[in-house]
Amino acid sequence: MALTRVSAFADLHDTFFDYVRDITYATMITVDRKGRPRARVLLPVWEVVDGRPVGWLATYRTRVRTAHLAHSPHTTYSYWSPRQNTVHIDSRSLWADDAASRRHAWNLYVAGGPPGMGYDPARYWRGGWDDPEYHVLRIEPWRIQLVRGSDLHSTVWQPDTA
């Protein structure tokens, strides 16, 4: 299995967004206070800010997720396709409770991030981005690994500042 390491997200930008758009749903993994992992399938949206990927997750603020993230904000998001293409995103996930972040994530879901992804969040939160049940996690990746299923070539992005 070949491995390529890059420090500029631009070096894997297109493949990252192609895989995410193709696979759509990610498995989010958090860890509880006893170090036990918990997985759930969700649909984050993505953008690039100042040359780095940033994810947003519209979600309900469940007791379990809140407790896990209070214990450790370190999360992994994993995408997998039947062609064996995978994306693994090691990150910090932080509640973004400010109005600007909530509105920004809402608009990104509606517009698609990347284009072709997303959904109308009003299906779940009828009160719009201001709905008290609507919450947002900001996903800040510090390492991304892409694996191409056809030959298992792996590309790892990790900025020098991670």
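Predicted model: local features only at pLDDT ≥ 70, side-chain atom pairs only at ≥ 80, totals over all residues.
**Entry 1: Conventions**

I take helices as DSSP runs of H or I with at least four residues and strands as DSSP runs of E with at least two, numbered from the N terminus. Residues are numbered from 1 along each chain as its sequence is written, and side-chain values use heavy atoms, with hydrogens and water left out.

**Entry 2: The chain as a whole**

I looked up the secondary structure and found three helices and nine strands. Read from the N terminus, the order of elements is β-α-β-β-β-β-α-β-β-α-β-β. The radius of gyration, taken over C-alpha atoms, is 16 Å, close to the 15 Å that the globule rule gives for 162 residues, so the chain is as compact as a globular protein of that length. That rule is 2.2 Å times the number of residues to the power 0.38. Along the principal axes, the C-alpha atoms fill a box of roughly 50 × 40 × 30 Å.

I then checked burial, where buried means under 20% relative accessible area, exposed over 50%, and partly exposed in between (1.4 Å probe, protein chains only). Buried residues make up 48% of the 162 residues. For contacts (heavy atoms within 4.5 Å), I considered pairs with a separation of 6 or more; residues 24 or more positions apart account for 68% of them.

**Entry 3: Helix α2**

Which residues of α2 are buried? In this helix (residues 63-71), I found R65, H68 and L69 to be buried. Their directions from the helix axis to the C-beta atoms fall within an arc of 95°, so these residues line one face of α2. The face turned away from the buried side carries the exposed residues R63 and A70.

**Entry 4: R102 in helix α3**

R102 lies in helix α3 (residues 99-111). I looked for a salt bridge, defined as a side-chain nitrogen of Lys or Arg within 4 Å of a carboxyl oxygen of Asp or Glu. R102 is buried and has none; D130, the nearest side chain of opposite charge, is 4.8 Å away. In that search Lys and Arg count as positive and Asp and Glu as negative, while His and the chain ends are not counted. A polar atom of the R102 side chain does lie 2.5 Å from the backbone oxygen of Y134. Setting aside neighbours within four places in sequence, I list the contacts of R102 as A96, D97, W129, D130, D131, Y134, H135 and V136.

**Entry 5: Salt bridges**

Side chains of opposite charge can pair when their charged atoms come close. I count eight salt bridges by the rule above.

In helix α1 (residues 13-23), R21 and D18 are three residues apart, about one helical turn, and their side chains meet in a salt bridge (3.5 Å, N to O). R21 is partly exposed at 33% relative accessible area, and D18 is partly exposed at 45%.

D90 and R143 form a salt bridge at 3.6 Å, N to O. This pair links distant parts of the chain, with D90 in strand β7 and R143 in strand β8, 53 residues apart. Both D90 and R143 are buried.

R92 and E140 meet at 3.2 Å, N to O, in a further salt bridge. They also link β7 to β8, with R92 in the former and E140 in the latter, 48 residues apart. R92 is partly exposed at 33%, as is E140 at 26%. I note that R92, R138 and E140 are linked in a network of salt bridges.

**Entry 6: T86**

T86 is in strand β7 and, at 11% relative accessibility, counts as buried.

**Entry 7: Backbone geometry**

Most residues other than glycine have a negative phi, and most peptide bonds are trans.

I recorded positive phi at T24, about 75°, in the loop between α1 and β2. T24 is partly exposed at 22%. Q84 has phi near 75°, again positive, and is found in the loop between β6 and β7. At 39%, Q84 is partly exposed.

Definitions and conventions: Polar contact = N/O pair within 3.5 Å; in protein donor to acceptor, adjacent residues only side chain to side chain.
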